[in-house]
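Subject: Structure for your review

Dear colleague,

Please find the structure below, followed by an account of what was found in it.

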Amino acid sequence: MTPEKLYEILDKYAKSRGIELNKDKDFVLDILAGLLKNEERYGYRSCPCRLATGIQWKDSDIICPCKYAEPDIKEYGSCYCGLYVSKEWNEGSIKRVVVPERRKQT
Amino acid sequence: MPGQKKVRVYSLSTCPTCKRVKKFLSDNNIKFENIEVDLLDSGEQWVASKELRKYNPEATYPTVVVEEVICGYDEELLKKVIEIK
């Protein structure tokens, strides 16, 4: 699958969940390329901005959409890697911050 | 060279934000050591992660480390770098 194809699929998914893909399409295509790279090497779409172990049960919380996406979008308007965002975030009506890591270190 | 800054970037090859940081540094002609942790073998990865946690306990990416090396007793440079008034 290509990042462009995955973009179409996830754009629909995001809208169905009342959120959006980051409007910076080049940035999103880069993220999706990272997801597909991880799927190729690990067998699952591990978050491209977190170091995966390659052991699925250990990485289950960071398989995209990660377990932290919903609370992050609620609090910051964006998920950790910036793929999924709120409408307000895309419109620029809320302040854009570096989303801190919600995941507990193991 | 005394007082020269050394820049090291801990990054992931799949992370666009890491790419942005490295592009910013390159665009500003800043030389840096690029450590793509996800591309290291497991032993090197363990060492790099352990080292990264010294600077950033949460081991998130990208992490940019800027170090300054001061050799010998150079009071003026020590004051400047450590910002001693």
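In this model, 17 residues of chain A are in contact with 19 residues of chain B, contact meaning heavy atoms within 4.5 Å. Please note that the model is predicted: local features need pLDDT of at least 70, side-chain atom pairs count only at pLDDT 80 or more, and totals for chains, interfaces and linings use all residues. Residues are numbered from 1 along each chain as its sequence is written, chains are lettered from A and ligands numbered from 1 in the order in which they are written, and side-chain values use heavy atoms, with hydrogens and water left out.

The interface

Between chain A and chain B an area of about 1,400 Å² is buried, and carbon and sulfur atoms give 50% of it. Buried area here is the accessible area (1.4 Å probe) that two parts lose on being put together, summed over both. On the side of chain A, the residues that lose the most area to chain B are Phe27(A), Leu51(A) and Gln105(A), which together make up 38% of what that side buries.

The count of salt bridges between chain A and chain B is 3, a salt bridge being a side-chain nitrogen of Lys or Arg within 4 Å of a carboxyl oxygen of Asp or Glu. One of them pairs Arg41(A) with Asp38(B), whose closest N and O atoms are 2.6 Å apart. Arg41(A) belongs to helix α2 (residues 25-42) of chain A and Asp38(B) to the loop between β2 (33-36) and α2 (42-55) of chain B, so this pair joins two chains. Helices (H or I, at least four residues) and strands (E, at least two) are DSSP runs, numbered from the N terminus. Asp38(B) counts as buried at 8% relative accessibility, whereas Arg41(A) is partly exposed at 28%; buried means under 20% relative accessible area, exposed over 50% and partly exposed in between (1.4 Å probe, protein chains only).

Across the same interface of chain A and chain B, 5 residue pairs are in polar contact, with both residues at pLDDT 80 or more. A polar contact is a pair of N or O atoms within 3.5 Å; within protein, one must be able to donate a hydrogen and the other to accept it, and residues adjacent in sequence count only if both atoms are side-chain atoms.

Salt bridges within the chains

Over all chains, the structure holds 18 salt bridges. In chain B, the side chains of Glu67(B) and Arg8(B) meet in one of 3.3 Å, N to O. This pair links distant parts of the chain, with Glu67(B) in strand β3 and Arg8(B) in strand β1 (residues 5-11), 59 residues apart. Arg8(B) is buried, with a relative accessible area of 9%, while Glu67(B) is partly exposed at 25%.

Asp27(B) and Lys23(B) also form a salt bridge, with their closest N and O atoms 2.7 Å apart. These two residues are 4 residues apart in helix α1 (residues 16-27) of chain B, and are therefore separated by about one helical turn. Lys23(B) counts as exposed at 52% relative accessibility. In chain A, salt bridges that share partners join Arg17(A), Glu70(A) and Lys74(A) into one network.

The surroundings of Thr63(B)

Thr63(B) lies in strand β3 (residues 63-68) of chain B and counts as buried at 9% relative accessibility. Its side chain is joined to that of Asn56(B) by a polar contact of 2.9 Å. A polar atom of the Thr63(B) side chain also lies 2.6 Å from the backbone oxygen of Thr60(B). Leaving aside neighbours within four places in sequence, Thr63(B) is in contact with Arg8(B), Val9(B), Tyr10(B), Leu52(B) and Asn56(B).

Aromatic rings

The structure holds 2 aromatic pairs over all chains. Rings of Phe, Tyr and Trp (its six-membered ring) pair if their centres lie within 6.5 Å; planes under 30 degrees apart count as stacked, over 60 as edge-to-face and the rest as tilted. Tyr13(A) and Tyr84(A) have ring centres 5.9 Å apart and planes at 65 degrees, so the pair is edge-to-face. Tyr13(A) is in helix α1 (residues 3-16) and Tyr84(A) in strand β2 (residues 84-85) of chain A, 71 residues apart. Tyr84(A) is buried at 2% relative accessibility. Tyr42(A) and Tyr44(A) form a stacked pair, 6.0 Å centre to centre with 25 degrees between the planes.

Yours sincerely
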